[in-house]
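Biologist: I would like to learn how to read some features of a model. Please give the general idea of each, then the case at hand.

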Amino acid sequence: MNLSWTTATTALVAAVTISKVFKFVSGLKAVDYLPGLWVPFQPLSVLGVLVPERSWNPGVIFVWTWRHTRNIYRRFDSDTVSVVPFFSGAPSIYTRSLDVTKQVVTVGHKTGAFGKADDMGRLFLFWGPNVVAVTSQDQWRKHRRITAPAFNKDTYQLVWNATHKAYSEMIDCEGWGEKGTIDVRRIQSLTIKFTLIIMATAGFGLPFSWGEPPSHDGRMSIQQCLEIITLRNTFAIAAPRWAWKLPLPWVRQTREVFDTMRAFMNSHIQARREAIDSSADDDTSKDILSLFVRASEHDEGKLHLDNKELIGNVFALLFAGHETTSHSLAATLGFLSLHPFIQDQIVEQVHEVTKGRENGEITFDDYSKLDKALAAFYEGVRMFPSGVYLIREAKQDTVLNLSGIGEEPKMLPVKKGTHVIVDMIGVHYNPEYFPDPEEFKPARWYANSTSNPYIAGGEDHTGFSVGPRSCLGKKFATTEAVCFLVLLLRDWRVEPLLSVNVSTGEKETKEEWRKRVMQAKMTITLGVRDVPLTFTKQVEGFVFCFFI
């Protein structure tokens, strides 16, 4: 009996080993033996995410954690490399080349050679098909045509006004008005709440306010629900149905959060449907939620949304529309705290734009004149891009030209099913496009200040994706960010909140603070670690100080 078990085990191990060898060789052929990493798990696969980062398992954001010590592009002397797993996941091509990016994302989209990978974006698809995550081009066009009309000048004016209101509510509700200095241990606690309010009110017409966080059943706020969904996303997309019924406290909480979020969306969809049905004017509102509800009531036709698509779109835009901007604002404020001179430039421009106005009022018409605040936000997005990967799958056997401008063509055959992953950290820290990439330099985004064709005027900012599927909400996000930054910096000086060594009593330096704090972390999107800041009130252009 022992011999038979030993024989069976040996045969099984041999069979598995042989199958994995064949898989690995097949993966090498799929990328035409392009130099790169050989790893057990594709870094973006479930196992690649769950297994802790090691030298043999890069981890989901190795393009950040390895960029100084084990940078794959320097290691293999190429802007495009392969990552071939031998245990789990598809062979992949990683690139930090914008030339290759355009071939994949723009040209590949038009020709059908590349499309969104079917197994990516599963968290957003968990709620239903939507404009963010659908893979079919026909489906994407439908969702885009329904959603796009909501992003217009009237919406951006509404965003500006909502940002003004939310800023005032924040100052009042947080008790900042009576204080000269405020320590904020985690700026994300404010930026997450702020951007959620703007997306909900200006984008969806929902009754969110700073002082009264919305909830569905009175027990948990929607902001809390979204934060828990962010933390439990891997469980949501990977766990089988039976796992959701396990009698564990955190599983019960996860189930409750997802149920609460779904009930919240359904209740507001129903309320909006009733409001639209009771109105004689079919054009009562053009916010995103109203457009979705009207599309769901079309009995037939190309622009019909079923209930799953309706819920999917509401969640995707509500979530993606606030989390990404929140991360970018946190990163921007973190870097601004280290560069007081740049803060001075932004405030000086605000004073120039509002000179002669009563109470220095800042209006939406000033948006185009406040390019220094916009440039600071762009630079924060560059250094911490929320959408860290653009993932496309070869839908047919095709080729990529890996040569640079003016070089002899270097063609790489790409097999159907191979993933091409545009590494936005690699792009944004590529010195060919951004000299001194580790430095926070908003001036690189000033209009007409650069001859770099990749960032001229900031109109092709890759932090908002590139190609036909680039971010619909770019102007929504930049309008909100510029308004928030100019209001905040006009009134407050931002500095890093330095930690104190308990043993010596010495404060860390700003350089040590940056090394400790300004590091990436990955949830559903990429963000910066918790950013502790100190705000000091400015009075008539000067920093308000206490003298003892």
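Modeller: Start with Arg273, which is found in helix H12. Helices (H or I, at least four residues) and strands (E, at least two) are DSSP runs, numbered from the N terminus. This is a predicted model, in which local features need pLDDT of at least 70 and side-chain atom pairs count only at pLDDT 80 or more, while totals for chains, interfaces and linings use all residues. Residues are numbered from 1 along each chain as its sequence is written, and side-chain values use heavy atoms, with hydrogens and water left out.

Biologist: Is Arg273 buried or exposed?

Modeller: The term rests on relative accessible area: under 20% is buried, over 50% is exposed, and partly exposed lies in between (1.4 Å probe, protein chains only). Arg273 has 17% relative accessibility and therefore counts as buried.

Biologist: Which residues does Arg273 touch, not counting residues up to four places away in sequence?

Modeller: Contact means heavy atoms within 4.5 Å. On that basis Arg273 touches Val293, Ser296, Glu297, Asn307 and Leu310, with residues up to four places away in sequence not counted.

Biologist: And where is the place of Arg272?

Modeller: Arg272 is in helix H12, which covers residues 249-277. With 14% relative accessibility, Arg272 counts as buried. Leaving aside neighbours within four places in sequence, Arg272 is in contact with Phe204, Gly205, Asp287, Leu289, Ser290 and Val293.

Biologist: With which side chain does the side chain of Arg272 make a polar contact?

Modeller: A polar contact is a pair of N or O atoms within 3.5 Å; within protein, one must be able to donate a hydrogen and the other to accept it, and residues adjacent in sequence count only if both atoms are side-chain atoms. The side chain of Arg272 makes such a contact with the side chain of Ser290, at 3.0 Å. Another case is Thr65, in helix H3 (residues 62-65): its side chain is joined to that of Glu53 by a polar contact of 3.3 Å. Thr65 is partly exposed, at a relative accessible area of 34%.

Biologist: How are two packed helices described?

Modeller: By the angle between their axes and the distance between the axes. Axes are lines fitted to C-alpha atoms, for helices over the stretch in contact, and angles run from 0 to 180 degrees between N-to-C directions. For helix H8 (residues 153-173) and helix H18 (residues 474-491), the angle is about 35° and the axes are 9 Å apart. The contact includes Tyr156, Trp160 and Tyr167 of H8, and Phe476, Phe484 and Leu487 of H18. Its residues divide into 11 nonpolar, four polar and three charged. In this scheme Ala, Val, Leu, Ile, Met, Phe, Trp, Tyr, Cys and Pro count as nonpolar, Asp, Glu, Lys and Arg as charged, and the others, Gly among them, as polar.

Biologist: At roughly what angle do the axes of H9 and H10 cross?

Modeller: The axes of H9 (residues 188-204) and H10 (residues 222-231) cross at roughly 115° and come within 11 Å. H9 and H10 are therefore roughly perpendicular to each other; angles under 35 degrees count as roughly parallel, over 145 as roughly antiparallel, 65 to 115 as roughly perpendicular and the rest as oblique. Ser189, Ile192, Lys193 and Leu196 in H9 meet Gln223, Leu226 and Glu227 in H10. By class, that contact has three nonpolar, two polar and two charged residues.

Biologist: Which residue has a positive phi although it is not a glycine?

Modeller: Asp32 is one of them, with a phi of about 55°, and Tyr33 has a positive phi of about 60°. Asp32 is in the loop between helix H1 (2-30) and strand E1 (36-41), and Tyr33 lies in the loop between H1 and E1 as well. Asp32 counts as partly exposed, at 38% relative accessibility.

Biologist: How many helices and strands does the protein chain have?

Modeller: The protein chain has 19 helices and 14 strands. Of its 548 residues, 52% are buried. Among contacts with a separation of 6 or more, 70% are between residues 24 or more positions apart.
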